[in-house]
Protein chains: 4
Amino acid sequence: MKKLLLDSRGRKQIVDTGKDLHTHGGVISKKDLEDMAYSGPIRTHKGVRFFVANPTIVDYIEKMEKRAQIIYPKDSALIIAFTGIGSGSRVLEAGTGVAGLTLMLANTVRPEGRVFSYDTRSEHLEEAKKHLREMGLEKYVELKNSDIYNGPEENNLDLAVLDLPEPWRAIDKILPSLKFGGYLVSYSPSIEQTKRFVLSLPSSFQEIKTIEVLVRSWEISRERCRPNTRMIAHTGFITFARKLENARESERK
Amino acid sequence: MKKLLLDSRGRKQIVDTGKDLHTHGGVISKKDLEDMAYSGPIRTHKGVRFFVANPTIVDYIEKMEKRAQIIYPKDSALIIAFTGIGSGSRVLEAGTGVAGLTLMLANTVRPEGRVFSYDTRSEHLEEAKKHLREMGLEKYVELKNSDIYNGPEENNLDLAVLDLPEPWRAIDKILPSLKFGGYLVSYSPSIEQTKRFVLSLPSSFQEIKTIEVLVRSWEISRERCRPNTRMIAHTGFITFARKLENARESERK
Amino acid sequence: MKKLLLDSRGRKQIVDTGKDLHTHGGVISKKDLEDMAYSGPIRTHKGVRFFVANPTIVDYIEKMEKRAQIIYPKDSALIIAFTGIGSGSRVLEAGTGVAGLTLMLANTVRPEGRVFSYDTRSEHLEEAKKHLREMGLEKYVELKNSDIYNGPEENNLDLAVLDLPEPWRAIDKILPSLKFGGYLVSYSPSIEQTKRFVLSLPSSFQEIKTIEVLVRSWEISRERCRPNTRMIAHTGFITFARKLENARESERK
Amino acid sequence: MKKLLLDSRGRKQIVDTGKDLHTHGGVISKKDLEDMAYSGPIRTHKGVRFFVANPTIVDYIEKMEKRAQIIYPKDSALIIAFTGIGSGSRVLEAGTGVAGLTLMLANTVRPEGRVFSYDTRSEHLEEAKKHLREMGLEKYVELKNSDIYNGPEENNLDLAVLDLPEPWRAIDKILPSLKFGGYLVSYSPSIEQTKRFVLSLPSSFQEIKTIEVLVRSWEISRERCRPNTRMIAHTGFITFARKLENARESERK
């Protein structure tokens with residue numbers, strides 16, 4: 001397991017608990033770090049003070065090595081909230097990447113739900129596995145080295161999230177695996193991918209909506225309040241579609 | 001329990017399941033609606049087709065009567081994601097209002113976690129209770145007709161969210177009830193409240209951050225892609241603060 | 001000529017000066033209104049007070065009848081500023097529409113510069129003429145009932161602004177009429193038009209840049225400061241391209 | 001006078017015309033640069049090609065040395081457009097700073113109008129003078145080493161723009177110098193300054209409006225269209241107020 005370590009200037013790091021930790025202010029002993037129940041101030045052998053706490057997933061994502069582009073927490077947050085998933089939900093994800101979204105989904109569906117996460121690149125799955133393990137979330141996720149364009153093995157899904165170069169190729173394969181009322185979500189950096197995905201949706205999908213999420217942070221001090229000078233202007237477009245009709249299902253009445 | 005009913009033009013309503021439903025296209029029988037396991041197309045006695053599904057919390061919030069200003073799902077989403085709460089978390093909320101945020105929190109912490117929601121206005125608590133019951137979430141929430149400015153009864157909290165006119169008055173009372181590493185979040189429509197809250201935070205709180213969340217929706221069709229003409233420009237400022245030091249706790253080392 | 005009339009609650013109207021004006025608070029005499037040099041408080045025969053001033057172009061645009069979609073002042077402002085035009089500039093515009101941009105351009109180039117404004121719809125040109133006349137700007141604009149897709153008659157242009165359904169069809173025709181260093185600007189509501197325009201630009205155009213302009217307004221009062229709840233999320237994408245190479249020109253050195 | 005020089009990769013520089021120019025691709029002769037009428041491709045003695053054009057004010061501002069924070073063109077653009085100034089207008093500005101706004105105002109009011117620009121820091125005025133001279137705009141601006149808090153010498157102003165730490169201190173002094181219907185504009189980075197300015201406005205000012213301007217740029221290529229990843233999230237708040245009542249003026253009727 002990992003701990004979050006903060007120095008007196010608020011600088012964060014995610015640290016391992018299995019060995020002595022060498023910091024710029026001296027050594028924190030393995031024993032101190034390993035006391036899992038403990039959160040609070042801690043001192044190095046030189047007496048320099050740090051704070052140790054359990055990292056949130058957002059702490060971890062902020063600091064983890066990102067060998068590929070990830071879906072950021074601001075976007076994961078709205079995917080999770082607007083589709084209504086929660087503890088017990090069954091969620092498919094493709095591709096896994098380095099697990100930026102997977103971590104957030106796993107934390108949402110635990111302990112009874114499951115995330116089925118597809119990727120064809122084994123190096124990504126290795127990275128994802130490491131990240132999930134370090135946050136104690138590996139048991140809620142099935143990492144699958146398989147091509148989602150060939151279709152999923154699961155069914156009765158509450159949500160399927162696509163972060164793929166050609167998400168439109170996965171729609172028909174995923175449709176039968178979704179619950180009625182469930183969501184198909186696609187995340188794409190460019191408007192072309194977004195458009196092609198939306199236009200490829202069959203009439204079984206309704207309530208189609210594409211959004212972008214902007215987070216602006218503020219500087220608040222006694223002297224002045226103002227938005228920070230710079231912000232992230234774009235990550236990706238998020239499209240939501242809901243399975244609300246199925247020609248192949250027999251209708252009541 | 002409630003169901004989500006959509007007509008062929010995508011118009012949504014949240015309907016009761018305990019009685020025959022009279023629509024603009026004829027009657028849907030109580031029996032058809034009551035079949036809780038069923039989601040799918042359904043026809044009135046006149047043969048007009050509707051779709052019925054389990055509403056998400058966002059569906060419900062969109063359609064519920066809002067007798068007071070609520071925290072909207074876009075903001076609830078980031079409060080939940082950035083504080084890392086999940087199934088099992090212990091969350092305090094004040095005030096309850098008509099449960100816009102409460103519904104989202106309850107869905108996040110269930111089944112083992114709890115939301116402790118304070119409000120001094122009994123009419124709000126009645127409304128909140130109704131909303132929680134209709135979404136089957138009442139058992140995860142303790143509604144408390146009590147003044148948070150007098151302090152909470154709970155402790156070991158992962159998160160406390162304030163939607164109060166004077167959030168600064170609650171800080172000292174809540175501090176001892178938060179876990180080390182836990183979050184205090186305040187939501188305020190105006191920058192004055194936000195500033196006063198931030199400046200009132202004692203040094204026990206660190207990693208202080210204020211944000212605003214903007215969601216822009218797009219129109220995507222074969223002919224043209226463009227952002228919609230209008231958007232919500234403002235709901236509230238969200239301030240996050242993390243309990244990371246406590247002078248009253250004895251320090252290790 | 002027109003005057004701006006404001007009542008005591010800040011409500012604006014643009015009024016004619018050639019006749020008695022009947023308001024909800026009584027009559028303001030033709031004579032009072034006609035005194036062109038006068039700006040200030042004025043009273044009706046019933047003693048109700050109004051303020052009269054010369055309208056800015058933005059006042060006029062806000063209140064004028066808009067029988068077609070216009071380019072709004074926020075966008076006109078950046079087109080003018082980023083292309084560096086000023087008094088004396090020669091500017092082509094197509095199409096005229098109802099003169100939302102034309103009014104702003106005319107005010108910028110006067111008195112020595114000229115706006116050459118093309119439209120094929122004579123009803124738009126009639127409307128534009130009326131608006132220009134009412135703001136005293138008609139002498140700086142040549143309205144041309146002609147199809148810009150057939151090319152302009154003018155040359156030595158500092159700027160050509162296109163607000164056309166198919167702006168890419170005009171590029172080659174306009175290129176020879178632009179000064180070296182001059183700008184071609186296209187305004188389009190959709191990203192498809194924008195993309196096709198950008199991809200159609202020959203290498204003679206460089207420094208190509210596409211932007212969108214968002215204006216957010218604030219409510220500032222003693223009690224609270226906050227952005228207004230709603231805003232315009234989109235009008236159009238503005239693309240700037242600069243003529244910086246011309247294969248057909250002989251090069252020095 | 002200055003020229004804009006672009007290399008084949010679109011990199012810009014503003015260069016002097018009075019001497020040989022040494023570039024990374026060889027020398028461009030004084031004679032070639034000095035030919036003021038010429039714009040177009042030009043070659044160094046080694047045959048490397050550049051483009052030379054007359055710089056716009058925005059080119060110049062982008063490249064000029066900025067020893068102090070300036071008002072950026074996106075904000076200057078809306079100040080100019082929303083107040084309706086143009087050729088012939090009389091505009092007061094305080095403080096001058098390094099002339100970011102002054103250059104834009106001078107280009108707007110020329111040739112008959114005037115900008116009266118106040119600053120108490122002579123080093124700023126020196127810098128401003130240099131910038132205005134290099135763009136050929138010095139004759140439209142009166143730089144005044146004087147404290148605007150003591151009031152302006154001018155009257156009959158169409159616009160007064162304040163970029164001051166304490167803009168509220170200048171309001172009463174400027175009021176009598178403004179035309180009826182004229183604008184007082186204040187630009188401030190923080191919301192506190194903005195609020196204090198707004199609350200200090202006497203009732204002579206009406207139509208009070210505070211805005212912020214956001215410009216988002218896009219990447220448009222054959223493969224993909226998407227907003228650029230980063231943007232400027234904040235420069236300043238712009239407040240507009242219009243002189244529409246004056247207790248000291250006698251009223252007609």
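So, into which domains is chain A divided? There are two: domain 1 covers 2-55 and domain 2 covers 59-252, with bounds that come from an automatic or database domain assignment.

Before I go on, a quick word on the ground rules. This is a predicted model, where local features need pLDDT of at least 70 and side-chain atom pairs count only at pLDDT 80 or more, while totals for chains, interfaces and linings use all residues. Residues are numbered from 1 along each chain as its sequence is written, chains are lettered from A and ligands numbered from 1 in the order in which they are written, and side-chain values use heavy atoms, with hydrogens and water left out.

Okay, the two domains of chain A. Their C-alpha centres are 33 Å apart. Six residues from domain 1 of chain A and six residues from domain 2 of chain A make the contact, where contact means heavy atoms within 4.5 Å. Together the two domains bury about 610 Å², and carbon and sulfur atoms give 61% of that. Buried area, by the way, is the accessible area (1.4 Å probe) that two parts lose on being put together, summed over both.

What holds a charge across that boundary? Well, the count between domain 1 and domain 2 of chain A is three salt bridges. A salt bridge here is a side-chain nitrogen of Lys or Arg within 4 Å of a carboxyl oxygen of Asp or Glu. Look at Lys12(A) and Asp59(A): their side chains meet in a salt bridge at 3.1 Å, N to O. On the domain 1 side, strand S1 (2-6) and strand S2 (12-16) of chain A are the elements that give two or more residues. Helices (H or I, at least four residues) and strands (E, at least two) are DSSP runs, numbered from the N terminus.

Keep Lys12(A) in mind, please. Its side chain also meets that of Glu207(B) in a salt bridge, 3.0 Å from N to O. That takes us to the interface of chain B and chain A, where the count is six salt bridges. There are also 17 residue pairs in polar contact, both at pLDDT 80 or more. A polar contact is a pair of N or O atoms within 3.5 Å; within protein, one must be able to donate a hydrogen and the other to accept it, and residues adjacent in sequence count only if both atoms are side-chain atoms. On the chain B side, strand S12 (residues 205-220) gives the most, with twelve residues.

How many residues does each chain put into this contact? Chain B brings 69 and chain A brings 66. The area buried between them is about 6,000 Å², and 57% of it comes from carbon and sulfur atoms. Also, 96% of the interface residues of chain B are interface residues in chain A too, so the copies meet through the same surface. And a rotation of 180° with 0.0 Å of shift along its axis superposes chain B on chain A, with an RMSD of 0.1 Å. Copies are superposed by least squares on the C-alpha atoms of residues with pLDDT of at least 70 in both.

Now for chain C and chain B. Here 23 residues from chain C touch 23 residues from chain B. The buried area is about 1,700 Å², with 55% from carbon and sulfur atoms. Arg216(C), Ala233(C) and His234(C) supply 25% of what chain C buries against chain B, more than any other three residues.

Arg216(C) turns up again in a salt bridge with Glu212(B), at 2.7 Å, N to O. Helix H7 (191-200), strand S12 (205-220), strand S13 (225-227) and strand S14 (230-232) of chain C each supply at least two residues, and S12(C) gives the most, with four.

Last bit: how do these two copies relate? Chain C can be laid on chain B with an RMSD of 0.1 Å by a turn of 180° and a shift of 0.0 Å along the axis. That is the relation of a two-fold axis. In chain C, the C-alpha nearest the axis belongs to Met231(C), 2.8 Å from it. And 100% of the interface residues of chain C are also interface residues in chain B, so the copies meet through the same surface.
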